[in-house]
Amino acid sequence: FSKINGFTIEFHLLDIAEKKFEEITDILLSEFYVAHVHANNYGNIIDGAQLPETLEITFINKAMIKGDITLSSNKYPIKNLDFPCDKEKEDIALNFTQQ
């Protein structure tokens, strides 16, 4: 991990592979921060989870970040940065608020 500055993974089948997704992200989050997320709108929203079946996550190595980290208050998708994967469907909104 120390030689990787950042990368993006597109996770598929989160509706049936939730535990594997959690295992993988737990490992990655030990060394990387989440820099950006985007829902792939080819799939659906998982019932009761408020997550899409396919999720794109960009990670950045923690060693690259100096100073304090704050949680994002952005609502995703971000205008002029994110675009629907399926141009015929509306993009899926993601909102990460502290509870």
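Phe1, Ile4 and Ile27 make up a nonpolar patch on the surface, and together they have about 270 Å² of accessible area. Patches consist of residues with over 30% relative accessible area and no salt bridge; like charges are joined within 9 Å, and nonpolar side chains (Val, Leu, Ile, Met, Phe, Trp, Tyr) within 5 Å. Accessible areas come from the Shrake-Rupley method with a 1.4 Å probe, and for residues only the protein chains shown count as cover. Isoleucine 27 belongs to helix H1, residues 18-29. Helices (H or I, at least four residues) and strands (E, at least two) are DSSP runs, numbered from the N terminus.

This is a predicted model, in which local features need pLDDT of at least 70 and side-chain atom pairs count only at pLDDT 80 or more, while totals for chains, interfaces and linings use all residues. Residues are numbered from 1 along each chain as its sequence is written, and side-chain values use heavy atoms, with hydrogens and water left out.

The table lists relative accessible areas. Buried means under 20%, exposed over 50%, and partly exposed in between (1.4 Å probe, protein chains only).

| Residue | Relative accessible area | Class |
|---|---|---|
| Isoleucine 27 | 51% | exposed |
| Asparagine 80 | 63% | exposed |
| Alanine 93 | 63% | exposed |
| Lysine 20 | 49% | partly exposed |
| Glutamate 23 | 44% | partly exposed |

A search of the whole structure finds one salt bridge. It joins lysine 20 to glutamate 23, with the closest N and O atoms 3.7 Å apart. A salt bridge is a side-chain nitrogen of Lys or Arg within 4 Å of a carboxyl oxygen of Asp or Glu. Lysine 20 and glutamate 23 are three residues apart in helix H1, so about one helical turn separates them. Side chains of opposite charge can pair when their charged atoms come close.

The largest nonpolar core has 14 residues, of which Phe11, Leu14, Phe21, Leu55, Ile57, Phe59 and Leu94 touch the most other members. The elements giving two or more residues to this core are H1, strand E2 (32-39) and strand E3 (55-61). A nonpolar core is a set of buried Ala, Val, Leu, Ile, Met, Phe, Trp, Tyr and Cys residues joined through side-chain atoms within 4.5 Å.

Strand E3 is largely enclosed by the rest of the structure, because five of its seven residues are buried. Six bridges join E3 to strand E1 (residues 6-11), and these two strands run antiparallel. Leucine 55 in E3 is the bridge partner of phenylalanine 11. E3 also pairs with E2 in the antiparallel sense, over seven bridges. There, asparagine 61 in E3 stands opposite phenylalanine 32. Two strands pair if DSSP finds at least two bridges between them. Leaving aside neighbours within four places in sequence, isoleucine 57 is in contact (heavy atoms within 4.5 Å) with residues including Phe7, Phe21 and Val34.

Most residues other than glycine have a negative phi, and most peptide bonds are trans. Leucine 13, in the loop between E1 and H1, has a positive phi near 60°. Asparagine 80 has a positive phi near 65° and lies in the loop between E4 and E5. The peptide bond from tyrosine 76 to proline 77 is cis, with omega near 10°. Proline 77 is placed in the loop between strand E4 (75-76) and strand E5 (94-95).

Alanine 93 is found in the loop between E4 and E5. Leaving aside neighbours within four places in sequence, alanine 93 is in contact with Tyr76 and Pro77. Alanine 93 and lysine 75 are 18 residues apart in sequence, and their C-alpha atoms are 7.2 Å apart in space.
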